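Morning, everyone. Please bring up the model on your screens. I'll keep this short.

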Amino acid sequence: MDYDKYWKLFLEYLQIEKNASQLTIQAYQRDIEHFFQFLTREKMEELTDVDYLMIRTYLTELYHGGLSKRSVNRQISSLRSFYKFLMREEIVQTNPFAQLPLSKTDQAIPDIMYAEELDILFHSITTDNAIGIRNKALLELLYGTGIRVSECVQLHLASVDMDLQTILVTGKGNKERYIPFGQFAQQSLLEYMEHGRDGLIGKHSQPGNVLFLNAKGNPLSARGVRMIMNRIVEDAALTVDLHPHKLRHSFATHLLDNGADLRAVQELLGHANLSATQIYTHVSSDRLQNVYHQAHPRAHK
């Protein structure tokens, strides 16, 4: 079966019509490639020969391979979209994944940092050198805006408006949105842009206009951001697990805990659907107690 031909067609559709991000495209490619490997093992010659029974066999293999329900659901969604495209192109007549139900999964509560833990992290960063100045600005911006690490490493100098205290972010599907940041992030960014960034640029560096640079003066990668996080936690002598998405979780949760509107948080996070934002509506029992005692007319004598 000519996998390359079908993938090339679908890739053009994702890039041109759907304007999908590189990460989304990579996820589709992994899922579809895995499915084609299964079809090859089963000696399946044509995509039109794939039926519901064959799909059930494939799902059994996925579960026996140790994949979680969430991962299997993602594979089903990818292949459902792939076959929907093939139907549109009249390559196949039916979509064997169309009626396949997704497994119910437990909604995971986002792991967050508490404000006290974040204070320790921020105060643990020494800013007497370019690396420290960059790390402080990076941490302040990630927590102060809730942007994804992929969005962060794509920021350019022109993305930052110090006067309006906003950044212009390009999110999933190349959709742009403006996000405000506070005074702590503003101060750290200003220090980095005026004194830290130039200190990272060396003779052989190729920084371009990218905002955050690595120790060699080249654009910082998502992997580099995660390594920086690990070092910050280690230096702060904390036992927490810190990653960029945890700061994003913390950003959203702290906003909602302090009365922010759910749809405003959705806009800030760049979520296409409100349901993706609703996972952050969990609140502490202490806050619920406080709200109840302050608001209910029969809470006190």
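I'll go through a hairpin, a helix, a core and a pocket.

First, the ground rules. This is a predicted model, so local features need pLDDT of at least 70, side-chain atom pairs count only at pLDDT 80 or more, and totals for chains, interfaces and linings use all residues. Residues are numbered from 1 along each chain as its sequence is written, and side-chain values use heavy atoms, without hydrogens or water. Helices (H or I, at least four residues) and strands (E, at least two) are DSSP runs, numbered from the N terminus.

Strand β2, residues 166-170, pairs with β3 in the antiparallel sense over 5 bridges. Pairing takes at least two DSSP bridges between the strands. Threonine 166 is bridged to proline 180 in β3. Between β2 and β3 sit 5 residues, and in that turn glycine 173 has a positive phi of about 70 degrees. Strand β3, residues 176-180, has Arg177 and Ile179 on its covered face. Glu176, Tyr178 and Pro180 are on the uncovered one.

Next, α10. Is it enclosed or open? It is largely enclosed by the rest of the structure, because 11 of its 14 residues are buried. Buried means under 20% relative accessible area, exposed over 50%, partly exposed in between, with a 1.4 Å probe and protein chains only. Among the buried ones are Leu247, Phe251 and His254. Just after α10, glycine 259 takes a positive phi of about 100 degrees.

Now the core. The largest nonpolar core has 49 residues. Such a core is a set of buried Ala, Val, Leu, Ile, Met, Phe, Trp, Tyr and Cys residues joined through side-chain atoms within 4.5 Å. Residues with the most contacts inside it include Leu121, Ile167 and Phe212. Elements giving two or more residues include β2 and α10. The largest share, 7 residues, comes from α6.

Last, the second largest pocket. Its space is about 550 Å³. Of its 22 lining residues, the closest to the centre are Phe122, Lys136, Glu140, Phe184 and Ala185. A pocket is an open set of points on a 1 Å grid over the protein atoms alone, where a 1.4 Å probe fits, with protein on both sides within 12 Å along at least five of seven lines; lining residues have an atom within 4 Å of a point. Volume is the space filled by probe spheres set on the points, which are joined across faces, edges and corners. Which helix gives the most to this lining? α8 does, with 6 residues.
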